[in-house]
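These are my notebook entries from one sitting with a single model. I wrote down what I looked up, in the order in which I looked.

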Amino acid sequence: MMKSLIPIIMAGIIGVYGLIVAVLIANDMDPSKPYSLFAGAVHLGAGLSTGLAGIGAGYAIGLVGDAGVRAYLYQARMFVGLVLILIFAEVLGLYGLIVSLILNTKASSNCG
């Protein structure tokens with residue numbers, strides 16, 4: 001039972017990536033400081049890169065998790081392959097987070 005929860009936990013981690021980016025973008029917004037059009041566009045791109053990468057990673061984790069858990073019921077050795085594929089699917093979301101962090105750094109240096 002516990003091994004079947006791994007895909008669900010990994011999908012939840014992708015949501016945390018979005019939360020991290022949202023907090024970073026919100027910290028750059030201050031009503032007392034000017035907010036340029038460039039910073040807004042870069043923040044939009046940062047959010048979209050995390051969101052779209054998260055959608056792709058979540059879809060991959062969902063498909064692999066479903067098939068992997070079903071295959072694990074028939075053959076216990078499938079668990080190692082399931083975890084490896086889930087890790088590679090999770091990395092897709094991590095790539096979106098990394099791109100967002102780079103973009104957010106560029107927006108922060110050019111704000112105001």
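The model is a predicted one, in which local features need pLDDT of at least 70 and side-chain atom pairs count only at pLDDT 80 or more, while totals for chains, interfaces and linings use all residues. Residues are numbered from 1 along each chain as its sequence is written, and side-chain values use heavy atoms, with hydrogens and water left out.

Entry 1, E90. I looked up E90 and found it in helix α3, where helices are DSSP runs (H or I, at least four residues; strands are E, at least two) numbered from the N terminus. Is E90 buried or exposed? E90 is buried, at a relative accessible area of 8%; the cut-offs I use are under 20% for buried, over 50% for exposed and partly exposed in between, with a 1.4 Å probe and protein chains only. Leaving aside neighbours within four places in sequence, E90 is in contact with M10, A11, I13, I14, Y17 and I61.

For residues 44–103 I noted 95% helix, 0% strand and end C-alpha atoms 10 Å apart.

Which residues make up the largest nonpolar core? There are nine: M10, I14, A57, I61, V69, F79, L82, L86 and A89. The elements giving two or more residues to this core are α1 (6–28), α2 (37–74) and α3 (78–110), and α3 gives the most, with four. By a nonpolar core I mean a set of buried Ala, Val, Leu, Ile, Met, Phe, Trp, Tyr and Cys residues joined through side-chain atoms within 4.5 Å. With neighbours within four places in sequence set aside, A57 is in contact with I14, A89, L92 and G93. A second, separate core of five residues includes V21, I25, A46 and L97.

I placed T50 in helix α2, and at 7% relative accessible area T50 is buried.

How many salt bridges does a search of the whole structure find? The search finds one, counted where a side-chain nitrogen of Lys or Arg is within 4 Å of a carboxyl oxygen of Asp or Glu. The pair is R70 and D66, whose closest N and O atoms are 2.8 Å apart. R70 and D66 are four residues apart in helix α2, and therefore separated by about one helical turn. R70 is exposed at 53% relative accessible area, whereas D66 is partly exposed at 43%.

L94 is in helix α3 and counts as partly exposed, at 31% relative accessibility.

Methods. Contact means heavy atoms within 4.5 Å.
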